[in-house]
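The sequence and structure are shown first.

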Amino acid sequence: MTPSRRRFLSRVSIALSAAVAAVVGVPVVGFLLSPLTRKVPRQWRAVGQAELFKVGQTVSVTFDDASPLPWSGVTARTAAWLRREDTETFTAFAVNCTHLGCPVRWLADAGLFLCPCHGGVYNGDGSVAAGPPPKPLPRYPVRVRQGRVEILTSPLPIA
Amino acid sequence: MIRRALAWLDDRSGLVSWLKHALTHPVPPRTGWWYTFGSATFLAFVLQVVTGIALATAYVPSSGQAYDSLRFISEQALMGRFLRGLHYFGASAMVVMIGAHVARTYIMGAYKFPRELNWLSGALLLLLTMALAFTGQLLRWDQTAVWSVIIGAAQAGRMPVVGPQVARFLLAGDTVGGATLSRFFAFHVFFIPALVFALVGLHLMLVLRHGISERPVPGQPVDKATYRAAYQEMLRREGVPFWPDAAWRDVVFGAAMVAIVALLALVIGPPELGKPPDPSILEAYPRPDWYFLWYFALLALTPTSWEDAVIVFAPLVFGIVLLLIPIFNTGERSVRRRPWAALVVLFIVVTIGIFWAAGERAKWSPDFSAAPLSASAVHNDNPTVVEGARLFHDKGCEFCHAIGEQGGQRGPDLTEVGTRMNAVGIAGKITNGGPGMPAFARTLSPREVEALTAFLVTRQ
Ligand code: FES
């Protein structure tokens with residue numbers, strides 16, 4: 001084989017191999033990264049009749065996240081702390097501690113949210129009272145439609 | 001007959017002579033028990049692969065069904081409980097052994113010329129082992145596992161710029177759900193093990209190529225120009241065949257390790273499955289498996305202003321330093337001439353040990369189960385004091401402060417607070433709070449503060 005023919009054939013082989021790798025690699029990498037490009041769907045989810053909530057009380061409510069896959073099972077469920085401020089207004093707090101995301105608990109008598117992981121404490125209005133959390137508890141949008149309280153599902157509050 | 005079969009196999013493949021060569025290659029004499037951690041790590045990995053494959057035949061990696069399939073494995077399948085135990089304690093063994101192996105090679109300077117790549121491939125294997133441990137913990141798809149993903153994602157989210165994207169990549173979306181577990185499953189059983197196999201192959205090839213490092217002798221530094229020849233010369237003079245002169249120790253040590261793993265799996269069994277993986281059950285107390293517990297403790301004890309440094313930069317710096325170590329690749333190997341090497345290892349082990357013990361006790365976590373103080377614990381029947389004792393529980397004070405044997409450890413023990421502080425001081429502390437303690441001015445009426453104070457001054 002002449003050297004130039006040899007060079008030509010090796011270039012063709014390398015180019016073809018690269019093309020094959022791309023045909024396989026692009027969809028694989030794209031598929032793995034697809035969660036990054038997916039649009040964040042948001043849904044209003046009803047969590048109960050408004051009259052069932054007592055003014056001044058904070059309770060946990062459970063609802064499904066925005067777009068659960070059919071095989072998500074119970075992991076599709078999420079929760080929020082919902083408080084009826086007065087007849088008209090509701091406030092919904094994320095259950096995730098802003099420190100590292102652990103589920104905070106509401107202590108009704110003390111009027112505080114307490115985090116089990118590293119002992120973060122939040123006041124009733126979600127502001128940080130003590131401990132490691134850097135930010136107040138995030139809030140979810142809430143509205144009342146036809147007598148039902150609805151919460152706007154949101155991504156996990158991260159960073 | 002067998003001999004003929006082997007001869008045929010060797011003629012067609014060369015495998016037998018290659019194996020013979022690998023087994024009988026000369027190794028330095030007097031290697032001793034310190035040299036068995038590496039093969040034990042490998043053995044633990046093989047154990048993980050075998051038990052993992054067995055478990056995978058019954059495990060359903062679906063976020064909706066994994067929990068039930070684990071219940072089935074642990075409660076009904078023949079020896080399923082034992083297998084899960086083997087896999088769990090095998091993981092622990094692998095973590096411990098790779099830690100010991102890294103420490104040993106570092107202390108003995110075995111990473112020095114010409115074995116830099118042995119160290120690099122080993123360092124990557126250490127990181128992959130941690131990744132296997134983390135992803136494996138998640139496959140135990142119970143409540144703790146779900147919260148671990150959320151916490152892991154929150155941690156990743158602290159990275160500058162790319163944080164939220166990395167978090168979404170881990171979760172496979174914006175919340176824990178249908179795709180999260182499948183992703184971790186694929187990483188835990190396919191992707192990371194494949195990398196481990198490849199790197200172990202490279203690692204072993206390098207060990208054969210450069211030979212097992214001989215015991216360091218103080219005052220005999222590695223010199224690039226002469227080391228190889230001197231090593232070969234030493235092997236010719238006093239080398240012994242790997243099998244069985246050195247290998248028997250690997251076998252004995254490995255067998256002992258497997259025996260311990262099996263015993264623990266039988267006696268203690270696998271970690272119990274917690275509550276179902278339902279993120280809306282908020283009665284949760286997430287904490288990692290023991291090999292990450294020290295890190296969990298570190299995060300609890302870091303002051304807030306240092307936090308981002310600890311979460312993001314500390315692992316980064318650790319990784320970089322680990323990869324840079326072989327830059328110091330010649331010179332003294334003996335730890336007698338490198339006392340700082342021993343000190344570094346000692347420092348790391350002690351630090352991890354301290355934080356691990358702290359994590360075991362988790363004093364910073366409020367004790368939600370603290371029961372109201374009994375009348376005998378209050379030992380005072382002044383109505384205001386009794387009222388204060390009730391408030392001490394109801395207002396959550398007791399979750400963080402202990403009185404007698406009851407209550408949390410997050411704040412100072414208040415059993416004898418009356419001897420340290422007067423009423424004014426106590427009332428001020430309650431209303432204004434302090435570092436780590438909320439100010440109760442907004443949530444307590446003056447009367448309640450008074451009752452609490454009255455109760456606390458009687459504590460002496
Ligand atoms: S996650 Fe809440 S305090 Fe750390």
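## Helix H3 of chain B

A residue is called buried if its relative accessible area is under 20%, and exposed if that area is over 50%. The model discussed here is predicted.

Helix H3 of chain B comprises 20 residues, numbers 37-56. From the first C-alpha to the last, H3(B) reaches 28 Å, close to the 28 Å expected at 1.5 Å a residue. An α-helix has 3.6 residues a turn, so residues three or four places apart point the same way. The buried residues of H3(B) include Phe37(B), Ala40(B), Thr41(B), Ala44(B), Phe45(B) and Gln48(B). Among the others are Thr51(B), Gly52(B) and Leu55(B).

Two packed helices are described by the angle between their axes and the distance between the axes. For H3(B) and H9(B), the axes come within 12 Å and cross at roughly 145°. The crossing of H3(B) past H9(B) is left-handed. On the H3(B) side, the contact is made by Phe42(B), Phe45(B) and Val49(B); on the H9(B) side, by Pro193(B), Val196(B), Phe197(B) and Val200(B). Phe45(B), one of these contact residues, is also among the buried residues of H3(B).

## Aromatic pairs

Over all chains, the structure holds 25 aromatic pairs. In one of them, the rings of Phe93(A) and Phe113(A) have centres 5.3 Å apart and planes at 65°, so the pair is edge-to-face. Phe93(A) belongs to strand E4 (residues 90-94) of chain A and Phe113(A) to strand E6 (residues 112-114) of chain A, so the pair ties together parts that are 20 residues apart in sequence. Both Phe93(A) and Phe113(A) are buried.

In chain B, the ring centres of Phe185(B) and Phe190(B) lie 6.4 Å apart with the planes at 85°, so this pair is edge-to-face. Are its two members buried or exposed? Phe185(B) counts as buried because its relative accessibility is 14%, whereas Phe190(B), with a relative accessible area of 56%, is exposed. Elsewhere, ring pairs link Phe134(B), Phe184(B), Trp290(B), Tyr291(B) and Phe292(B) into a cluster.

## Charges over rings

Arginine side chains also lie over aromatic rings in chain B. The charged end of Arg104(B) is placed over the ring of Tyr35(B), 4.0 Å from the ring's centre. Arg338(B) lies over the face of Tyr106(B), at 5.7 Å from the ring centre.

Methods
Residues numbered from 1 in each chain as written. Chains lettered and ligands numbered in written order. Predicted model: local features only at pLDDT ≥ 70, side-chain atom pairs only at ≥ 80, totals over all residues. Heavy atoms only, no water. Helix = DSSP H or I, 4+ residues; strand = E, 2+ residues; numbered from the N terminus. Expected span 1.5 Å × (residues − 1). Buried < 20%, exposed > 50% of the residue type's maximum accessible area, 1.4 Å probe, protein only. Phe/Tyr/Trp six-rings, centres within 6.5 Å; stacked < 30°, edge-to-face > 60°. Lys NZ or Arg CZ within 6 Å of the ring centre and 35° of its normal. Axes fitted to C-alpha atoms, helices over the stretch in contact; angles between N-to-C directions. Left-handed = near helix turned anticlockwise from the far one by under 90°. Contact = heavy atoms within 4.5 Å.
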